[in-house]
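Subject: Handing over the structure

Hello,

Here is the structure I promised to pass on to you.

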Amino acid sequence: MAGQTDSTMTLFSSEEIEFMAEDEMAEIVPNLRMDSLNFICGDYGPFLPQLAAQVPLWLALALKKRGKCTIRLPQWMSVENLTRVLEAERDSHAFQPLPFHYVEISRLLFDHAREDIPDMYMVRSLIEDIRDVRFHKVETNLEKFTASTVTWKNMSAMEVNVIRAFAGRALQAFYKHDNEQETPDTDRTPNKQPQIPTDRPKRNLKPR
Amino acid sequence: MYARKGYELVKDLANGEKGQLQPFNEDLFNQVVDQCTQHYLELQALIRKMQEESVDVRETRNADHYGALIHHLSLIRNKRCLMAYVYNRAEVIQNFAWKVGLELLELPEEIQEKLSPSEKNYFGKHSSALQSYMAEVGIDLNVDMVPPKDPYIKVRVLDDMGEGILLSDKTANLARHSMHFLKRTDAEQYIARGLMEELTG
Amino acid sequence: MATEESAGVMDDYEMLISTTDVELLKRAWRNEKAAPEILQYESSLVQRIKEQIELAEQNEEIFEANNIDPLTVSLYQMDLDRTQFLLRSYLRVRLQKVVSSGACCAVLFFGGYVEFDLLVGFGMQIEKYLFYVLKTDEYLNRLSKQEQMFARRCTDDLGSHLDETVLAKLPDNYRSILKQSITSEEDDMGCTLESLFHEIAEALNSPHKFLIRTSLVPAPRLDTFVICKAKQYLTGLDFEPEYSMEITEMERDLLTFVCYKFVKKPLENGKIDLV
């Protein structure tokens with residue numbers, strides 16, 4: 001609407017989120033000898049066969065696609081860890097710690113490094129389940145919005161992006177509403193943990 | 001009702017899809033402009049009447065005063081609608097420079113048809129402002145609109161395409177079911193024609 | 001998963017790599033994309049990145065001349081592509097802001113007249129409007145020289161487009177704000193109208209300024225919500241005192257959905273990042 005900059009322009013596209021995820025570090029085991037790479041984004045290598053090296057994910061994937069390395073599965077992507085995370089996600093309201101770009105990193109690895117992932121199908125379905133549980137949590141959380149500031153621990157990039165537009169607008173409405181209704185704001189308590197509303201009148205969003 | 005036409009004009013704008021342009025509604029636009037003129041004439045007439053009746057225009061609060069007030073406010077309301085219409089369209093037009101191209105001639109016919117002459121002129125000026133900026137900083141901003149990907153992709157040939165096919169960086173024998181590592185830009189045309197598929201994993 | 005200690009080590013490591021200019025540019029790009037207003041132009045950073053891009057382009061030629069293996073060349077190419085995308089996207093996001101929101105301040109500065117936003121209450125907008133007039137200089141200083149020039153041209157072009165399409169077709173007294181007072185000197189009718197305006201204004205009390213200055217510009221919406229992450233623990237002192245009721249602290253690495261204006265100060269001080 002008038003007076004507002006185009007909001008789609010300022011958000012991150014899924015390609016852009018993937019772009020950022022590609023800068024996360026990954027461990028590779030090269031099968032070739034190659035000098036150091038002195039990139040604008042940093043120095044990597046030198047690379048020696050069978051000697052593990054830390055490189056950005058985009059570089060790992062490029063080498064992988066050219067058959068020059070294997071990618072070591074990040075520790076958090078092990079079946080053991082993912083099973084534990086999934087259970088914890090189900091048992092708790094909180095989000096479990098996962099890399100900020102866990103969705104994109106795992107998708108990129110599924111797409112381009114399939115043979116480096118033991119139990120590929122298991123890993124994939126675990127991540128899908130985790131993702132679903134977390135998305136559901138995001139939705140339930142949205143229903144509980146009561147404050148002008150909301151914090152979330154361990155939320156990932158994709159989750160943030162998906163709900164950004166909705167949550168942003170909802171919070172804006174709350175903020176406006178608050179300011180109209182509660183001036184002067186003498187009895188207002190600062191919101192340290194707004195996801196657990198206790199001392200303020202309830203103004204929950206109705207689901208849907 | 002006064003200012004109804006102006007409202008319709010803005011509605012015309014709001015009904016369109018975001019980022020898309022309807023044809024410039026010259027008919028309605030001119031009607032709103034005419035209404036403005038009409039309001040102004042009536043406003044003048046009322047004030048003249050008050051002057052002829054020798055009432056103090058500044059102080060009097062009679063029917064004529066409030067009549068004039070209503071015409072004034074209606075005119076301003078219409079003006080706001082006209083401005084909103086043109087301004088919001090201008091915003092869409094600015095974006096063409098990014099999304100479609102920097103030259104008016106690059107714009108597809110169906111877009112050009114929707115622009116008023118002044119809007120075409122505006123597009124040209126805006127594009128040239130952008131071009132001067134790019135020249136100043138020495139960076140072309142109209143490329144790399146999306147994040148870069150690996151310039152090479154793995155493909156499988158779906159149909160026999162023959163030997164010694166000339167690609168930008170090599171010649172290749174593209175036999176059926178063979179797999180290759182090609183420049184994305186080379187492969188895209190073949191993928192589009194269904195002769196190859198991109199491989200992942 | 002990660003214990004507190006190892007998280008700390010990781011963060012230190014992240015701090016270390018965040019010193020590369022690409023990392024700084026990515027931060028600037030992300031913040032610029034997520035912020036509702038235009039931020040300070042990263043002049044020296046852009047300069048350094050441009051130099052590094054040039055150097056990489058030169059290297060490319062050297063590689064070609066020396067027959068370096070195509071694998072290495074293509075990897076360098078990818079690094080270059082990524083950096084160029086970031087730089088272009090950063091400059092692009094800023095330009096788009098200059099055109100749509102940032103420039104509105106320049107519009108005022110250069111005596112333009114943009115009026116719209118008819119669906120928003122008049123009174124409220126006027127306060128914002130005056131507020132931004134005062135802040136105009138601050139906004140202009142955030143732009144690079146080239147951006148300032150671009151803003152000026154955009155404003156002029158948009159101004160003459162609006163002039164041609166709308167204002168010129170309206171009755172004299174309604175063509176522009178500036179003219180209203182000028183014609184009142186010469187034209188009796190205008191003079192009468194002028195006094196009428198004042199009367200109307202007084203009668204209607206509040207939209208007073210609106211009638212005198214019908215020109216409105218969109219102000220950046222500082223009450224937009226953003227998502228941010230603090231790089232360190234923030235106390236009340238890190239925020240503007242006027243928002244002390246709204247926000248008192250921010251935990252490190254915790255994602256916070258918050259009204260942009262509350263965190264404007266720590267953002268400018270580089271203590272938080274928008275995500």
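Residues are numbered from 1 along each chain as its sequence is written, while chains are lettered from A and ligands numbered from 1 in the order in which they are written. This is a predicted model, so to speak of local features a pLDDT of at least 70 is needed, side-chain atom pairs count only at pLDDT 80 or more, and totals for chains, interfaces and linings use all residues; side-chain values use heavy atoms, with hydrogens and water left out.

**The two domains of chain A**

Chain A is split into domain 1 (21–72) and domain 2 (75–179), with bounds from an automatic or database domain assignment. Where they touch, 9 residues of domain 1 are in contact with 9 residues of domain 2 (contact means heavy atoms within 4.5 Å). About 850 Å² is buried between these domains, and carbon and sulfur atoms give 72% of that (buried area is the accessible area, with a 1.4 Å probe, that two parts lose on being put together, summed over both). On the domain 1 side, A:Ala21, A:Leu61 and A:Lys64 lose the most area to domain 2, together 48% of what that side buries.

The count between the two domains is 2 salt bridges (a side-chain nitrogen of Lys or Arg within 4 Å of a carboxyl oxygen of Asp or Glu). A:Lys64 also forms a salt bridge with A:Asp116, at 3.0 Å from N to O.

**A residue in chain B**

B:Ser128 sits in helix α5 (residues 117–137) of chain B (helices are DSSP runs of H or I with at least four residues, strands are runs of E with at least two, and both are numbered from the N terminus). Is B:Ser128 buried or partly exposed? B:Ser128 counts as partly exposed because its relative accessibility is 28% (buried is under 20% relative accessible area, exposed over 50%, and partly exposed in between, with a 1.4 Å probe and protein chains only). B:Ser128 and B:Ala97 are 31 residues apart in sequence, and their C-alpha atoms are 9.7 Å apart in space.

**Chain C as a whole**

Chain C has 11 helices and 3 strands. From the N terminus on, its elements run α-α-α-α-α-α-α-α-α-α-β-β-α-β. Of the 275 residues in chain C, 55% are buried. Among chain C contacts between residues at least 6 apart in sequence, 73% join residues at least 24 apart.

Best wishes
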